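Please open the model in a viewer and keep the selection tool at hand.

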Amino acid sequence: MSKLDELIQELCPNGVEYKALGEVCKLSAGGDVPKGHYAKEFSNKYSIPIYSNGIGQNALYGYTDIAKIQQPCVTIAARGTIGYCALRNEPFYPIVRLICAIPNELLIADFLKYIIETLTFQVPTSGIPQLTVPMISKYKIPIPPLPVQREIVRILDNFTELTAELTAELTAELTAELTARKKQYEYYRDKLLTFKGLKL
C-alpha cells in the first residue's frame, strides 16, 4: 500500500467533500497596468512581475514596484489562452482580467493548481470569449485533508520533474540526430550533384 493510500484510508476513508472555488478561494480579476509604476525591463526599482493572460513567459507583461497579490496564488487566463493556469509563489501584479485564486486554509496552492488543470471551463459562445470571476466561482473541486494534498503534490511534482528531464534528454538526442542527418544529406546532395564530364 502506498503512502497516499494509507493517508486516504486514515484521513478520508469515506471520500472527500467538494466545494465551490468561490468558497475556498479569494477570487479577483486583474485590471489595468499601474500608471506611473511600470517598466518593460526588470530593475532594482521595478522588480515585481506584471502578469497578463498568456502561457509561460508570454504572460509576463513587464515590471512594477507595487505588488497587488502577496500570497501564493493560482492565476487563470480569462482571455486568449482561456483556462491556462500557473502557480505564482512570489508577489506580482495581475492585469487584463487575469483571474487570481488565493486559496484559504483548506487548500495548498500547489494542489489547487493541479486541480484547476483538470477543469474544463465552459466559455460563452456569444460576445467576447472570456472567463469571469462569477463564472469560475461556481466550479466545484475536491478538498482532501492537507496531508493528502501534500502527498498528491509530491507525487505530481516528481512526475513533472521526470518529464522535464526526459524532454531535455530527448531534445538533446534529437538535435544530435538531426545534425547527423543534415550532414548526411549534404554529403549525398553534393555527391549527387557533382558531375564528372568534359570541360568545353
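Select Lys-3, Glu-151 and Arg-154: these residues are linked in a network of salt bridges. A salt bridge here is a side-chain nitrogen of Lys or Arg within 4 Å of a carboxyl oxygen of Asp or Glu. By this rule the count comes to five salt bridges. The model is predicted, so local features need pLDDT of at least 70 and side-chain atom pairs count only at pLDDT 80 or more, whereas totals for chains, interfaces and linings use all residues. Residues are numbered from 1 along each chain as its sequence is written, and side-chain values use heavy atoms, with hydrogens and water left out.

Next, select Arg-181 and Glu-177, a salt bridge whose closest N and O atoms are 2.9 Å apart. Both belong to helix α5 (residues 146-192), and because they are four residues apart there, about one helical turn separates them. Helices (H or I, at least four residues) and strands (E, at least two) are DSSP runs, numbered from the N terminus. Arg-181 is partly exposed, with a relative accessible area of 47%, and Glu-177 is partly exposed at 39%. Under the cut-offs used, buried means under 20% relative accessible area, exposed means over 50%, and partly exposed lies in between (1.4 Å probe, protein chains only).

Move to helix α3 and select Glu-117 and Lys-113, which are four residues apart and so about one helical turn from each other. Their salt bridge has its closest N and O atoms 2.6 Å apart. Which partner is buried and which partly exposed? Lys-113 is buried, at 19% relative accessibility, while Glu-117 is partly exposed at 42%.

Then select Glu-17 and Lys-19, a salt bridge with 3.4 Å between the closest N and O atoms. Lys-19 counts as buried, with 19% relative accessibility.

Turn now to the aromatic rings. How many aromatic pairs does a search of the whole structure find? The search finds four. Select Tyr-38 and Tyr-61, a tilted pair with 5.6 Å from centre to centre and 40° between the planes. Tyr-38 lies in the loop between β2 (25-29) and β3 (48-51), and Tyr-61 in strand β4 (residues 60-64); the pair thus links distant parts of the chain, 23 residues apart. Rings of Phe, Tyr and Trp (its six-membered ring) pair if their centres lie within 6.5 Å; planes under 30 degrees apart count as stacked, over 60 as edge-to-face and the rest as tilted. Tyr-38 is partly exposed at 31% relative accessible area, as is Tyr-61 at 33%.

Select Phe-121 and Tyr-139 next: this pair is edge-to-face, at 4.9 Å centre to centre and 75° between the planes. Phe-121 lies in the loop between α3 (109-118) and α4 (133-136), and Tyr-139 in the loop between α4 and β9 (140-143), so the pair ties together parts 18 residues apart in sequence. Phe-121 is buried, with a relative accessible area of 11%.

A charge sits over a ring if NZ of Lys or CZ of Arg is within 6 Å of the ring centre and within 35 degrees of the ring normal. Likewise, select Arg-88 and Tyr-51: the charged end of Arg-88 sits over the ring of Tyr-51, 3.7 Å from its centre.

Finally, select Lys-26 in strand β2, an exposed residue with a relative accessible area of 57%. Leaving aside neighbours within four places in sequence, Lys-26 is in contact (heavy atoms within 4.5 Å) with Cys-100, Ala-101 and Ile-102.
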